[in-house]
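Here are my notes on this model, as numbered points. Please read them with the structure open.

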Amino acid sequence: MTELKRRLKNKFTSFVKTRILCSIPGKIPFDYNEIQATFTYTDPITNEHYVYGIFTTPELGLLGSAVCMYSMKSVQELFAKSQYLKDTTNKGFDGTSLWVPVSPPVNLTMVPGRPKCDDKLDTKSYSWETIKFASEHTLLAEPLEPQLLSQERKPLFTRDETRFTQLVVDKVNRGNGQFIPVMFISTGRKQTKKNQWLKI
């Protein structure tokens, strides 16, 4: 353990991460890959938690914005089951490193990113094997995809020639115990747009 502390002293350590996708499906998906804002929403009927996110294209490219929604249940399942990516010495045609999916060794006493995060979690008790695996595998193999919408994992909606900046999600009671999320979205032009999303 002394050797472990010595190696980690004054070194930055990171959480296990995953890629977040917000793309229009197709043979060549159109990606909105810059996060501008997020908002958490709890379904008043099912009590399920969701995250709404504003994604945009880079400022120097085609101007466009999208809103994608992710369930916290899918986030938890992803971190519980996904393999990890490992950098290899092989290079692609463009010179970038090639990554391969790997599973954690069966002898790990704790798998990085998978313990329940509560006041009983003590990362100082991690074995050197766990620390070593975590430092070499910081990215999950599977990305986080948007919630299913009309049988596709795609944005709730998109807008061309517009840059969304902030959003707030509220709920409207339609009667008979039915609620629908309502999004208020601000743009770079100091405008606010209102959008209702009906579950399909």
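1. A residue counts as exposed when its relative accessible area is over 50%, as buried when that area is under 20%, and as partly exposed in between. Asparagine 47 has a relative accessible area of 53%, so it is exposed. Bear in mind that this is a predicted model.

2. Asparagine 47 sits in the loop between E3 and E4.

3. Glutamate 161 is another case to check. It is not a glycine, yet its phi is positive at about 55 degrees. Glutamate 161 belongs to the loop between E10 and E11. Is this residue buried or exposed? Glutamate 161 reaches 53% relative accessibility and therefore counts as exposed.

4. Next, the open sheet. Four strands make it up, in the order E3-E4-E5-E10, and the pairing is antiparallel. Which strands stand at the edges? They are strand E3 (34-42) and strand E10 (157-160). Each has a single partner strand, so one side of each has no neighbour in the sheet. On average, neighbouring strands of this sheet are turned by 20 degrees against each other, direction ignored.

5. Within that sheet, look at E4 and E5. Seven bridges pair them in the antiparallel sense. Isoleucine 54 stands opposite valine 67 in E5. As a reminder, strands of a sheet pair through backbone hydrogen bonds, either parallel or antiparallel.

6. Strands E11 and E12 are the next pair to inspect. Strand E11 (residues 164-175) and strand E12 (residues 178-187) run antiparallel and are joined by 10 bridges. Valine 168 has phenylalanine 184 in E12 as its bridge partner. Glutamine 166 has serine 186, also in E12, as its bridge partner. The two strands form a hairpin, with two residues between them. Asparagine 176 lies in that turn and has a positive phi of about 55 degrees.

7. How many disulfides does the structure hold? There is one. It joins cysteine 22 to cysteine 68, with an S to S distance of 2.1 Å. The link connects distant parts of the chain, 46 residues apart. Cysteine 22 is in the loop between helix H1 (2-8) and strand E1 (23-24), while cysteine 68 is in strand E5 (residues 64-71). The torsion about the S-S bond is about 85 degrees, so the disulfide is right-handed. Both cysteine 22 and cysteine 68 are buried.

8. On to charged pairs. The structure holds three salt bridges. One of them lies within helix H3 (residues 128-136) and involves lysine 132 and glutamate 136. Their side chains meet at 3.0 Å, N to O. The two residues are four apart, about one turn of the helix. Lysine 132 has a relative accessible area of 38%, so it is partly exposed. Glutamate 136, at 36%, counts as partly exposed too.

9. Glutamate 145 and arginine 153 form another salt bridge. Their closest N and O atoms are 4.0 Å apart. A salt bridge requires the nitrogen to be within 4 Å of the carboxyl oxygen, so check this pair by eye. Glutamate 145 is partly exposed, with a relative accessible area of 38%. Arginine 153 is partly exposed as well, at 38% relative accessibility.

10. Glutamate 152 and lysine 154 also meet in a salt bridge, at 3.7 Å from N to O. Glutamate 152 has a relative accessible area of 36% and is partly exposed. Lysine 154, with a relative accessible area of 25%, is partly exposed.

11. Last, the surface. Which residues form a nonpolar patch there? They are Ile24, Phe30 and Leu62, and together they have about 280 Å² of accessible area. Leucine 62 is located in the loop between strand E4 (49-56) and E5. At 65% relative accessibility, leucine 62 counts as exposed.

Notes:
Residues numbered from 1 in each chain as written. Predicted model: local features only at pLDDT ≥ 70, side-chain atom pairs only at ≥ 80, totals over all residues. Heavy atoms only, no water. Pairing = 2+ DSSP bridges. Buried < 20%, exposed > 50% of the residue type's maximum accessible area, 1.4 Å probe, protein only. Disulfide = S-S within 2.5 Å. Patch = residues over 30% accessible without salt bridge, like charges linked within 9 Å, V, L, I, M, F, W, Y side chains within 5 Å. Areas by Shrake-Rupley, 256 points an atom, 1.4 Å probe, with all protein chains shown as cover. Axes fitted to C-alpha atoms, helices over the stretch in contact; angles between N-to-C directions.
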